[in-house]
Amino acid sequence: MHKTMDETLRRRAGLRRGDEADAGAARMPDYAGVNAYASDPVLGACLDPTLDEAMEEDLRSLGAYWGSSEAQEVARIATAHGPTLRPYDFDGRRIDQVEIHPAYHALMNRSVLSGLLSATWEEGEDRRQHRLRAATLFLTAQCERGHLVPVCATHACVAALAYAPDLEAELFPLIASRKYDRRAIPLEEKSGATITLALGEQGAALDRSTVAMKGEIVTGDRLKVTGEKWFVAAPTADLALVLCRTPEGPTAAMVPRFAPENVDAIRVNQLQNVGGLAAQAVANVAFDGAMARLIGEPGRGLQVLRDVRTLTQLDLAVMAAGAMRAAVARAAHGARYRQSFGRTLIAHPLHARVLADLALESAAHTALAMRLAGAFDQAFERDGDHALARLVTPAARIYALKSAPAFLAEARDSLGDNAFAESHPAARIAGDLAVLGQWDGSANEAALEIAALVERDPTVLGDALQEIGADLGNQNGDILEDVARLGERAAGDAALARVFAEQLAMLAAAAAMRRNLPRVVSDAYIASRLRERHRVAFGALDGRFDADAIIEFVVPEG
């Protein structure tokens, strides 16, 4: 039976015995030197109304670097030589030094210089800073994501500083300097600063109000914090934003890492291997009466963190979209050169259908991420954009990071066995996105918060759907109504929160695609995801859609 099957497959592929070796002999060219911006029609279309000539040239320059062989090699070295902890010096003194390869610092220097810490908060003549920063983050994430964790945390924590104007006046000039200063010295001696989020705790539940770290107000806006934080990325950042428990309730505080009074009050207990983000140090950190600055009023820490978390969720959606774009571009490159039964993979209709589905998924995440960044730019001027930023952003984060595993499994399959080696870019993407999926807490936590928001403020769902509907078109009104009903039900039934969040994100993605991309692309996405609901069954795209045309639009041959 097996012999007969082999002969059948050879006959269908037009092969004779012995031809397989010749068919697979062609060496696939290295995938490097591709301009990540210039080669991406989807990103260009989504940004087209935003850019002027100078901004486009900046993005083209960034795309050239992050797609270059040099950047890929720096990323490889940074992840191959991850951080190590040196707790004591030669004389037995406790130093808690995290030793990091220079390649990591090179990545940090490039990202800080490009404005990822502060570009959104710098004064500008118009409201497009979020979109331009999102595009920069999208391009950077295609190369390496581990170093971006403290970059994104610092950017998000600027929102918390609005609750502490005096501290903001001290810190923001350092953050906005666009200088990466890695020296372990007090802030007043530095030319730049980074902030990390230290929110996780051992055995932490979904309810952040149950924080165990203790906070003791000393005087004015000064307090001491005592407790242990788990899975702290970049533990030697200049500052850590923590949540502690005071008599008034959960309270936010900023702890300076290298302040003289904290030399013996902060300990890096161990580094954790989290299965991804290999270039980044992730640690369990103990605070023993460390001095900190109060952020906001005591007991109002969850309110302080609200905007921080929303900005973090946007960055997670953008990073996931960028990483998925890199994966599908590599998969398309591989499919154009890898041989099977005498033809390239992309010439086989079945594989082309799978690749077209991956291209659609990537385009959806790109369009949604850029649309949400635009909503942040206009959030204080338009109710619809404000609702999108508040409600759809956490849903987009759930959608992107939960659909990534199936997406990456198919992309790596296109690339062959090499893509499962730990050092391969596609393997690194898979590991990184798995970890980033838990960075801001579980998907269930985010989904419950979305449902609770709709229950507290039903107008936010109406405003968001009105904005989505304007782009989606009347012919898709039935889908819009289905999601509206699902949202109303989820507000009273928490068990529906996850499905509502994911349906809302896909609906918003479809609207963003119709807003910016060719109609055939958005129609194919709507048909497969929102009508047929083949969300992870890649290759189930309806035959009436031209798979080759979709591939060529989303990931054109370079």
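Me: Why is R131 called buried?

Reply: In this predicted model, R131 has a relative accessible area of 18%. Buried means under 20%, so R131 is classed as buried. The residue lies in helix α7, which covers residues 129–141. Leaving aside residues up to four places away in sequence, R131 touches L47, T50, M370, A373, G374, D377 and Q378.

Me: What makes the pairing of R131 with T50 a polar contact?

Reply: The side chains of R131 and T50 are joined at 3.4 Å. A polar contact requires N or O atoms within 3.5 Å, one able to donate a hydrogen and the other to accept it, and the pair is therefore counted as one.

Me: Why does E170 count as partly exposed?

Reply: The relative accessibility of E170 is 46%. Buried means under 20% and exposed over 50%, with partly exposed in between, so E170 counts as partly exposed. E170 is placed in helix α9, residues 165–175. Its side chain forms a polar contact of 3.4 Å with that of R293. E188, 18 residues apart from E170 in sequence, is 9.1 Å apart from E170 in space, C-alpha to C-alpha.

Me: How do you know that α13 is largely enclosed by the rest of the structure?

Reply: Of the 12 residues of α13, 11 are buried, so the helix is largely enclosed. Among them are P425, R428, D432 and L436. The buried residues pack against α5 (69–80), α8 (148–161), α10 (301–337) and α12 (383–415).

Me: What span does α13 reach from its first C-alpha to its last?

Reply: Helix α13, residues 425–436, reaches 16 Å, close to the 16 Å expected at 1.5 Å a residue.

Notes:
Residues numbered from 1 in each chain as written. Predicted model: local features only at pLDDT ≥ 70, side-chain atom pairs only at ≥ 80, totals over all residues. Heavy atoms only, no water. Helix = DSSP H or I, 4+ residues; strand = E, 2+ residues; numbered from the N terminus. Buried < 20%, exposed > 50% of the residue type's maximum accessible area, 1.4 Å probe, protein only. Expected span 1.5 Å × (residues − 1). Contact = heavy atoms within 4.5 Å.
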